[in-house]
Amino acid sequence: MLSLNVNNKQVKVEVDPNTPLLWVLRDNLDLVGTKYGCGVAQCGACVVHLDGEAVRSCVTKAKRAEGKKIVTIEGLAENNDHPVQKAWIEEDVPQCGYCHSGQIMSAVVLLKENPNPSDEDIDIAMSGNICRCGTYSRIRKAIHLAAEINKSNS
Ligand code: FES
Ligand code: FES
């Protein structure tokens with residue numbers, strides 16, 4: 001039995017503690033916004049936050065998340081109105097959409113660490129998030145817009 005704090009709720013799950021966090025979130029907790037892409041830490045579709053750090057949940061054992069705050073795309077903002085989510089909508093970023101919860105979770109951490117990133121900073125920080133539809137230029141625009149929104153909110 002694992003006790004996890006997910007999106008500010010304490011939950012208990014009956015799983016092998018070595019189960020990847022991705023499957024606990026999706027299969028045990030029905031939080032299916034976090035996606036499975038490659039399963040080997042190469043694509044970024046499964047990124048969630050562990051104590052504010054972006055981690056790849058496909059290769060993170062669930063037991064590693066005990067005692068930490070897990071945030072998934074569903075818990076990023078109460079009304080899905082986090083500045084990065086707003087910017088994503090405004091710039092109409094997704095094509096098929098599959099990669100975008102991971103993209104958004106990575107972008108949130110990028111902006112926390114670097115509130116005003118250049119194009120190059122964005123490309124470097126987001127290089128581990130693959131988009132098969134090639135929405136990279138809209139991702140870049142949306143991250144700049146989210147930086148502006150953050151600035152006007154502060
Ligand atoms: S599914 Fe985790 S990085 Fe691809
Ligand atoms: S929008 Fe389709 S994979 Fe990124």
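# Reading helix packing and cores

Me: I've got the model open. How far apart are the axes of α3 and α5, and at what angle do they pack?
Reply: The axes of α3 and α5 lie 11 Å apart, and the two helices pack at an angle of about 45 degrees. Keep in mind that this is a predicted model.

Me: Why start with those two values?
Reply: Here's the general idea: two packed helices are described by the angle between their axes and the distance between the axes. In this case, α3 and α5 are therefore oblique to each other. As for the handedness, α3 passes α5 in a right-handed crossing.

Me: Which residues of α3 and α5 meet?
Reply: From α3 you get His-100, Gln-103, Ala-107, Leu-110 and Leu-111, and they meet Ile-139, Ile-143, Ala-146, Ala-147 and Asn-150 of α5. Sort that contact by class and you find seven nonpolar, three polar and no charged residues.

Me: Which residues make the contact of α2 with α5?
Reply: On the α2 side, look for Pro-83, Val-84, Lys-86, Ala-87, Trp-88 and Glu-90. On the α5 side, click through Ile-139, Ala-142, Ile-143, Leu-145, Ala-146, Ile-149, Asn-150 and Asn-153. By class, the contact has 10 nonpolar, two polar and two charged residues.

Me: And what about α2 with α3? At what angle do they cross?
Reply: They cross at roughly 125 degrees, and their axes come within 9 Å. That makes α2 oblique to α3. Here too you'd call it a right-handed crossing, with α2 passing α3. The contact uses Val-84, Gln-85 and Trp-88 of α2, together with His-100, Gln-103, Ile-104, Ala-107, Val-108 and Leu-111 of α3. Those residues divide into six nonpolar, three polar and no charged.

Me: Which residues of α2 are buried?
Reply: Pro-83, Val-84, Gln-85, Ala-87 and Trp-88 are the buried ones in α2. Their cover includes α3 and α5. Just after α2, have a look at the backbone of Asp-92, which takes a positive phi of about 50 degrees.

Me: Now for cores. Which residues of the largest nonpolar core touch the most other members?
Reply: Val-84, Trp-88, Ile-104, Met-126 and Ile-143 do, in a core of 21 residues. The helices α2 (83-90), α3 (100-113) and α5 (136-153) each supply at least two residues of this core. Zoom in on Val-84: leaving out residues up to four places away in sequence, Val-84 touches Ile-104, Ala-107, Val-108, Leu-111 and Ala-146. There's also a second, separate core of 15 residues, which includes Val-6, Val-55, Ala-65 and Ile-70.

Me: What do the buried residues of α1 pack against?
Reply: They pack against four strands: β1 (2-6), β2 (9-13), β3 (47-50) and β5 (69-71). The buried residues themselves are Leu-21, Leu-22, Val-24 and Leu-25, in a helix that covers residues 21-28. Just after α1, Asp-30 takes a positive phi of about 60 degrees.

Me: Loops next. Is Thr-135 buried or exposed?
Reply: Buried means under 20% relative accessible area, so Thr-135 counts as buried at 1% relative accessibility. Thr-135 sits in the loop between α4 (119-125) and α5. Leaving aside neighbours within four places in sequence, Thr-135 is in contact with Val-93, Pro-94, Gln-95 and His-100.

Me: Where does Cys-131 lie?
Reply: Cys-131 is in the loop between α4 and α5. With 5% relative accessibility, Cys-131 counts as buried. Not counting residues up to four places away in sequence, Cys-131 touches Cys-99, Gln-103 and Tyr-136.

Me: How far is the C-alpha atom of Cys-131 from that of Val-109?
Reply: These C-alpha atoms are separated by 18 Å, and the two residues are 22 residues apart along the chain.

Methods: Residues numbered from 1 in each chain as written. Chains lettered and ligands numbered in written order. Predicted model: local features only at pLDDT ≥ 70, side-chain atom pairs only at ≥ 80, totals over all residues. Heavy atoms only, no water. Core = buried A, V, L, I, M, F, W, Y, C linked by side-chain atoms within 4.5 Å. Buried < 20%, exposed > 50% of the residue type's maximum accessible area, 1.4 Å probe, protein only. Contact = heavy atoms within 4.5 Å. Nonpolar A, V, L, I, M, F, W, Y, C, P; charged D, E, K, R; others polar. Axes fitted to C-alpha atoms, helices over the stretch in contact; angles between N-to-C directions. Parallel < 35°, antiparallel > 145°, perpendicular 65-115°, else oblique. Left-handed = near helix turned anticlockwise from the far one by under 90°.
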